[in-house]
Amino acid sequence: MNNLNYEEQTKVTRAIIKAAVLMLEFGAESKLIEETAQRLGSALGVDSVEVSLIPSAIVLSTLSNNQTQSVTTTRRAHHKPINMSIVCDVQKMCIDVEKYKKDVDYVFETIKNIQPNQYNRWLVVFMVGLSCASFAYLYGADLNGFLITFLASSVAMYVRHELAIRKYVLIISFGITAFIATLIASISQIYNLSATPNVVMTASVILLAPGFPFVNSVLDAVKGYLSMGWGRWMQALLLSVATSIGIILAFALLSMKGW
Amino acid sequence: MEILTQYLINALFSAIPAVGFAMVFNVPRSALIFCAFGGAIGYSTRFALMEFNVPIELATFLASTLVGIVALYWSRKYIVPRPVYTIASIIPLLPGTYAFTAIINLLQMNAQGVSPELITMFIDNGLKAVIILSAIGFGLALPSLFLMRYNRPII
């Protein structure tokens, strides 16, 4: 059986929870977090790993020496913008540890060196603008509508980037972004530039639809992580409300009634 | 022939948002092309089903199940967690417009007073948004739930 002394087991536990917190912070689903923690645990030589997840923290226990020695630790998770490349890197590291029988130091070393895969900022702005314009096309906008949506959502994405760099809370940055997107999109109605102003205005705020937390919440709930599901649902709902408040503010400023 | 062109154009215009939003979520470079295919598959399936008069909720469910199955295959082949592919792929199916309209209706009810039209619009849009979202979630989860009985990791 595995014979770890207390210090070794504590170190293993710290390594596992570091990986788990990283995955929670950057938006992995609960099943993946628990699975990765358990696989890392058995690869690093503890008998079992028990994980309890809530949206803002992780409690994790490892058991070893025939389940007689237990180490428990808790970490707070601060939610950050979703970043799938970090989640992929942690997952890859877990599989490496399993396959090549790496030790704890390898885990610490890899986690320290994980760098997010940064896309060029202007490329992202352009692509998001084009994405929202494509939505406008799919909903049936004309050419002018397509162009105005592109302009509105590119500027909105730029603003969202700027606010993210200044580390504003997600709720505030979503509200301001929605406000600006709606203001720009409304020129299609004010100056009669497009035959379908409604489509333009709905499509240019679609970059703020919190798809990730919503889908993750359903995935979590159906796989048995009910509290995580509720937490993420609430988070997504708050972001939607912030977006709607931004839109409403823009409407009030232009004294328009609605879509 | 014309129908085929229409499908191809729609597939292209739904692949663009999948890639665009995948970049916002910082998906690894090698996975981008799969997100594009996933987006095109999801949207085209829903479009085709709706042409056959399938209601949007059921069509969304079937389309996202298909995306889930395809992503399951990809994730086992390339050893990448499934959400990397799936969530970018279902972005074109999201009911963002319905959700925002519902919340705006709610705020209007507060500002202008409750009227039957506003309540109707709120319930219509809110129900659509919630049901389509659950359809997406269940559809994506179904293939991996099916494999969960073996009680071992999928990738």
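## Two chains and their meeting place

In this predicted model, 55 residues of chain A are in contact with 52 residues of chain B. Let's work through a few exercises.

**Exercise 1.** Work out how much area chain A and chain B bury between them, and which elements of chain A touch chain B.

*Solution.* Start with the idea: the size of an interface is often given as the accessible area lost when the parts come together. Here, chain A and chain B bury about 4700 Å², and 76% of that is on carbon and sulfur atoms. Next, look at chain A's side: the elements giving two or more residues to it are α2, α3, α5, α6, α10 and α11 of chain A. The largest share comes from α5(A), with 10 residues.

**Exercise 2.** Count the salt bridges and the polar contacts across the interface.

*Solution.* For salt bridges, the rule finds zero between chain A and chain B. For polar contacts, the count is five residue pairs, both residues at pLDDT 80 or more.

**Exercise 3.** Describe residues 55-74 of chain B, a "transmembrane region" in an unreviewed UniProt entry.

*Solution.* Take the make-up first: the span is 95% helix and 0% strand. Then the ends: their C-alpha atoms lie 29 Å apart.

Notes: Residues are numbered from 1 along each chain as its sequence is written. Chains are lettered from A and ligands numbered from 1 in the order in which they are written. This is a predicted model: local features need pLDDT of at least 70, side-chain atom pairs count only at pLDDT 80 or more; totals for chains, interfaces and linings use all residues. Side-chain values use heavy atoms; hydrogens and water are left out. UniProt positions are given in the numbering used here, feature names are shortened, and annotations may be inferred rather than shown by experiment. Helices (H or I, at least four residues) and strands (E, at least two) are DSSP runs, numbered from the N terminus. Contact means heavy atoms within 4.5 Å. Buried area is the accessible area (1.4 Å probe) that two parts lose on being put together, summed over both. A salt bridge is a side-chain nitrogen of Lys or Arg within 4 Å of a carboxyl oxygen of Asp or Glu. A polar contact is a pair of N or O atoms within 3.5 Å; within protein, one must be able to donate a hydrogen and the other to accept it, and residues adjacent in sequence count only if both atoms are side-chain atoms.
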